[in-house]
Each structure stands twice: as structure tokens, then as C-alpha cells.
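This report walks through selected packing features of one model. The sequence and structure come first.

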Amino acid sequence: MQPIIEVQHLFKKFQDVTAVDGISFTVGSGEFFGLLGPNGAGKTTTIRMLYGFSPPTRGIIRVFGMEISRDWRKIKARIGVCQQDNTLDPDLTVEQNLMVFAGYFSIPPKEAVSRTRELLEFFALSNRRNAKVMDLSGGMIRRLILARSLINRPDLLILDEPTTGLDPQSRHQVWDRLEKLRASGLSIVLTTHYMEEASRLCDRLVIVDAGKILVDGSPADLIERHVGRHVIEIGGPDQALRDFLKAQQVPHDDLGQRIILYTPDGNDLSAAVRANFCHEQCTFRNGTLEDVFLRLTGRELRD
Amino acid sequence: MEIGVISWRFWKVWRRNLVTFQKIWKVNFITPLLEPLLFIAAFSLGFVGIVGQIRYGGAELSYTAFIAPALIATAVMNNAFFETTYASFVRMYYQKTFDGMLATPLSIEEIIVAEIVWSASKATAAAAIMLGVLGAFGYVQFPYGLIAIPLAFFGGIAFGAVGLFFTGVVPTIEMFNLPIFLFVTPMFLFSGTFFPVSNLPLWAKPLALAFPLYHLVELARLVCLGRCETVPLLSIVYLAVFAFLFTTLALIFMRRRLIK
Ligand SMILES: Nc1ncnc2c1ncn2[C@@H]1O[C@H](COP(=O)(O)OP(=O)(O)O)[C@@H](O)[C@H]1O
Ligand SMILES: [Mg+2]
């Protein structure tokens with residue numbers, strides 16, 4: 001089957017920064033695809049090239065099998081974009097934001113009215129339809145941006161950090177709606193730096209850093225490959241443990257005050273550790289995407 | 001620029017501005033309603049005895065009759081220029097309205113054209129109201145005076161375009177002070193608005209002739225009073241060239257600013 005998005009050797013240079021440094025990926029129909037990376041990794045830049053906002057320095061982007069540089073208008077008519085910045089119109093009410101946006105897609109007014117009603121209902125905004133955007137909470141603003149991005153009944157939804165800055169309740173509400181949309185068969189591309197979000201929503205994801213793709217796979221697959229299913233965190237490690245790990249060649253991260261062990265399946269390592277090295281505190285837990293992310297992108301601060 | 005980049009879709013952006021305009025239409029209408037009254041009061045009451053009749057285009061005019069068409073032309077300039085500078089800058093930079101539009105089938109060119117056409121429309125609405133007020137006081141000859149309405153739209157395109165060009169180049173919103181001080185204010189004072197350009201010393205005349213406002217003022221006098229100092233056709237051509245030039249520059253610089 002033809003992929004919804006095909007990206008080949010994509011580059012984007014700003015004067016002195018290479019924001020996107022030769023990435024390639026494809027997104028299949030109905031897939032929920034994640035673009036993970038720390039701040040400044042190049043996620044937004046990539047996304048902006050995908051929906052034709054900024055022209056690539058080099059590389060090929062095909063969406064729905066069409067070339068974005070040539071068929072941008074046809075492509076844009078079929079995608080919904082939830083930008084990282086709030087681009088809602090503060091001069092308009094909640095309802096007018098959707099109605100005016102529908103106009104940009106040349107949706108007939110009657111149809112726009114019924115879609116607006118439907119979307120406000122779906123995102124639990126019906127009772128605020130006449131409110132000014134200024135008066136909405138952060139969670140409502142996000143939901144309205146999402147609602148607006150669906151006004152053209154897109155075949156592809158592009159979400160740039162849709163839950164950044166939201167409280168847990170609002171975040172879960174957004175996730176719930178996104179899961180419903182995925183169930184309806186919509187193809188979705190999401191950027192995020194919340195690993196929980198990516199694990200929960202994405203069928204497949206890439207981790208990007210400094211404009212390059214580091215890995216590609218499903219969340220479970222990546223955990224399996226890069227950290228193993230079991231993780232042990234040991235507080236206040238001593239030299240004996242360090243020597244033991246070296247001798248056994250166990251993959252681990254030494255953070256000074258803490259050592260994180262990645263133990264492969266079917267290994268009696270955990271028993272040995274439990275018996276001999278758990279003096280202060282030991283946490284036995286499952287490997288997570290966050291472990292993968294931190295292992296691959298490092299632990300230094302990004303901004 | 002590729003073909004097909006500007007379509008009728010630009011009306012959707014124009015409509016968006018109309019929707020927000022309607023929300024505060026009372027405020028939007030009050031200025032053009034009251035401004036001419038203030039000027040008439042000031043000049044026909046306060047100036048009486050200081051400035052008597054004025055010689056213009058081979059006839060004697062009362063001073064108020066002389067400035068009345070200039071008030072309309074100035075309002076056109078102000079409405080269009082301030083719309084595509086401060087208001088467009090807020091939409092572009094603070095509200096990110098254009099960024100949102102660029103995620104839809106709209107092209108950047110359509111957005112820019114819509115902003116300019118909108119500013120001209122707003123200027124036309126103001127001019128129409130002022131024309132009514134000034135007409136009621138007998139300062140406009142009808143029916144020819146009605147031509148001032150399409151004229152206002154035409155002039156509005158010129159001033160809206162130059163405003164949007166500045167929006168494409170200023171680093172911050174405070175920087176609009178510069179074109180206002182160097183461009184708008186001198187034009188307001190020296191475009192034959194408050195005294196005929198024929199009164200200026202010889203060396204200063206070419207400067208006034210270069211001002212687009214001068215040509216709009218002259219055309220406004222022609223339609224309102226039936227007389228002017230310039231060759232009307234030349235003024236029309238000058239304004240058309242000015243509008244075309246700055247629309248092109250606005251397209252270039254706004255694109256450069258928005259598309260990264
Ligand atoms: N318009 C721009 N001009 C110059 N540099 C930019 C621009 N946009 C982004 N960058 C740079 O490109 C890099 C990637 O940015 P971005 O794509 O926004 O990252 P992310 O969305 O992953 O946080 C950063 O170093 C950023 O500073
Ligand atoms: Mg970003």
C-alpha cells in the first residue's frame with residue numbers, strides 16, 4: 001500500500017544551524033507515528049516542511065503520493081495541523097474560530113456550521129462556544145486548536161507537541177480524544193518529548209536528536225532492543241558493584257549517585273544484584289521508553 | 001512568483017478581518033463621523049479672520065471648503081496605513097494569525113493581498129462616512145463627489161501596500177515610529193492638505209509632487225470641488241504605479257519574513 005508520507009534525505013539549514021540533517025522515514029495509512037526528541041532536535045522544523053510551511057533545503061517530501069512543492073494546495077486541503085504555538089484568533093469567539101477556519105478550506109457555510117457543532121461537542125467545548133479565546137484555560141485552548149485542525153475532515157493529522165504545558169487531567173483528556181481519532185482510522189503524526197505520551201499513542205516512532213534519526217521502531221520494540229525489559233536502579237553504588245558490572249559486562253549507566261542496570265531477559269543477574277548489592281535502595285522496574293530516550297540522547301540539559 | 005498562487009480565496013482572509021471589524025463597528029464608525037465635525041468647527045469658527053478665502057485652481061474658496069477633500073484623503077491614508085502596519089503586525093507577530101492560515105490551502109500571497117485589500121476597504125468605509133458628513137455641510141458637490149468612494153479604495157490600496165511593506169521590514173512594532181515620522185507626518189503637512197502646493201517655494205515643490213498623498217488630495221478636490229492643480233491622469237498613473245510597486249515589495253518582504 002502507498003504510504004501517506006514519504007520523506008527522503010531531508011535537510012533544512014538556517015544560516016548557521018542545520019536543524020534537520022538528512023532524515024528519511026515513511027508513515028503508512030492509519031498509522032500513529034511519533035517524532036520524539038529533546039528541545040531543538042528539529043521536530044518542529046521537520047513538521048513544518050511536511051505541511052508545506054517551510055521549503056526544504058534539500059530532500060524529497062511526498063504526501064498522499066504528491067510532491068509538496070508542486071501540489072501543496074491539494075495536500076494542505078487534506079491535512080489538519082495543530083501547531084506548537086497557539087495560532088487561534090484571539091479576536092474571534094470559540095465558534096467563530098472554527099467557522100472562519102472552515103472558510104479557508106472553502107467549506108460551505110451550512111456544512112461548516114454542522115461540523116463546528118460536532119467538533120465542539122467532541123472536544124467538550126459546546127458550553128463555551130461564545131467565549132472569547134482569551135478567557136479559555138490552557139486545556140481548552142489545546143482542545144480548540146485540535147478541533148480546528150479537524151474542521152476539514154483531514155486524512156492526515158499533524159500534531160506538534162499537543163500536550164506540552166497541560167495539567168495531567170487535560171493531558172489525559174487530549175490523549176483520550178486522540179485515541180478515538182486513531183480508532184477511526186485517521187493517520188496521525190505526533191511530535192513530543194513526553195515518553196509516556198509516545199508509548200501510549202504511537203504505533204511506531206523515531207527518536208531524533210540534532211536533526212538526525214537515531215532509532216526507528218515500535219515503543220515495545222525499542223525498549224526491547226535498547227534497554228531490555230527489566231531495569232534495576234541502585235542508589236549509592238559502591239566499588240564492588242562497579243567491579244562486578246565490569247566483570248559481567250552488564251549494560252548500565254553510571255550517574256555517580258545512582259547506577260541504572262539494563263538486564264536482558266532470562267538472566268539471573270537480578271537475583272545476584274538483589275542478594276549482594278542492594279545496600280541502600282534498589283528499584284526493580286520495567287524498562288520504559290524514557291530509558292531508551294535518555295540512553296540515546298544523553299542526560300545533559302538542552303536549553 | 002508562480003502562477004495560480006493568488007486566487008479568489010483571498011476573500012476568506014478579507015472576511016476574517018470584516019468579522020473582527022464588525023465586532024467593534026461602533027468604535028470604527030465614530031472617528032470618521034466626528035473627525036470632520038471637529039475640523040469644520042476648528043477651521044470655520046476658530047480660524048475665521050485669520051485665514052480668509054484661499055486661491056486655488058483659479059478660484060476663491062473658503063478655507064474649510066479647501067481642506068474638506070484633503071480630510072477625506074488623509075483619512076484614507078491613515079486608515080489604510082495604520083491597518084497594514086500596527087494591526088497587521090499584531091496579527092502577524094503576536095497573534096500568529098498568518099502562521100495558522102499557512103496551515104490551510106491559503107497561499108502567503110493571498111494573505112498579503114487580502115490584508116492590503118482589507119485596509120483599502122476599511123479606508124473606503126471611513127471615507128464614505130466622512131463624505132456624507134462633509135456633504136451635509138455643503139462641502140461636496142454631488143453626484144461627482146460620490147466618485148470619492150472608489151477613489152478612496154484606490155488610494156487605500158496604495159497606502160495599505162506601503163504599510164505592509166514596512167510590516168515586512170521593521171524588526172519591532174515600535175519601529176513604525178520611524179516611517180510615521182519620516183513619511184506619514186510630512187505627507188500630512190505638505191501634500192497640499194492645509195495650503196496649496198503652489199504656495200511652496202520652488203525647491204520644495206518636487207518633494208510634494210513625490211508624495212502619494214498629494215495626488216490623492218488633488219484627485220479628491222477634483223471630485224468634491226470640480227477643480228485641481230495637477231493633471232488628473234498623471235496623478236492616477238502615479239498612484240497606480242506606487243500601489244503596484246509597493247504591493248510587489250510587500251509580497252517580497254512579507255514572504256521573506258514569514259517563510260523560513
Ligand atoms: N527560523 C529559524 N531560524 C534559525 N534557526 C532556527 C529556526 N527555526 C528553528 N531553528 C533552529 O533549528 C533547531 C531545531 O529547532 P526546532 O525544529 O524548533 O526543534 P524542536 O521542535 O525539536 O524543539 C534549533 O536549534 C533551532 O534553534
Ligand atoms: Mg518544537
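## Helices 5 and 10 of chain B

In this predicted model, helix 5 (residues 108-136) of chain B packs against helix 10 (residues 232-258) of chain B. Helix 5 of chain B passes helix 10 of chain B in a right-handed crossing.

Which residues make the contact? Helix 5 of chain B supplies Ile108(B), Glu109(B), Ile112(B) and Ile116(B). Helix 10 of chain B brings Thr247(B), Ala250(B), Leu251(B), Met254(B), Arg255(B) and Leu258(B). By class, the residues of this contact divide into 7 nonpolar, 1 polar and 2 charged.

## Helices 8 and 11 of chain A

Helix 8 (residues 219-226) of chain A packs on helix 11 (residues 289-297) of chain A at about 55°, with the axes 9 Å apart. These two helices are therefore oblique to each other. The crossing of helix 8 of chain A over helix 11 of chain A is left-handed.

Pro219(A), Leu222(A), Ile223(A) and His226(A) form the helix 8 side of the contact. Leu289(A), Val292(A), Arg295(A) and Leu296(A) form the helix 11 side. The contact residues comprise 6 nonpolar, 1 polar and 1 charged.

## The sheet of chain A

Chain A has an open sheet of 6 strands, in the order 6-7-8-3-9-10, with mixed pairing. Which strands stand at the edges? They are strand 6 (79-82) and strand 10 (212-217) of chain A. Each has a single partner strand, so one side of each is left without a neighbour in the sheet. From one strand to the next, the twist averages 15°.

Strand 7 (residues 156-160) and strand 8 (residues 187-192) of chain A run parallel and are joined by 5 bridges. Leu157(A) stands opposite Ile188(A) of strand 8. Helix 5 (residues 138-149) of chain A packs on the sheet, where it touches strand 6 and strand 7 of chain A. The direction of this helix makes about 165° with that of strand 6 of chain A.

## Domains of chain A

Chain A is divided into domain 1 (5-217) and domain 2 (228-287). How far apart do the C-alpha centres of domain 1 and domain 2 of chain A lie? The separation is 40 Å.

Terms used:
Residues numbered from 1 in each chain as written. Chains lettered and ligands numbered in written order. Predicted model: local features only at pLDDT ≥ 70, side-chain atom pairs only at ≥ 80, totals over all residues. Heavy atoms only, no water. Domains from an automatic or database assignment. Pairing = 2+ DSSP bridges. Helix = DSSP H or I, 4+ residues; strand = E, 2+ residues; numbered from the N terminus. Axes fitted to C-alpha atoms, helices over the stretch in contact; angles between N-to-C directions. Contact = heavy atoms within 4.5 Å. Parallel < 35°, antiparallel > 145°, perpendicular 65-115°, else oblique. Left-handed = near helix turned anticlockwise from the far one by under 90°. Nonpolar A, V, L, I, M, F, W, Y, C, P; charged D, E, K, R; others polar.
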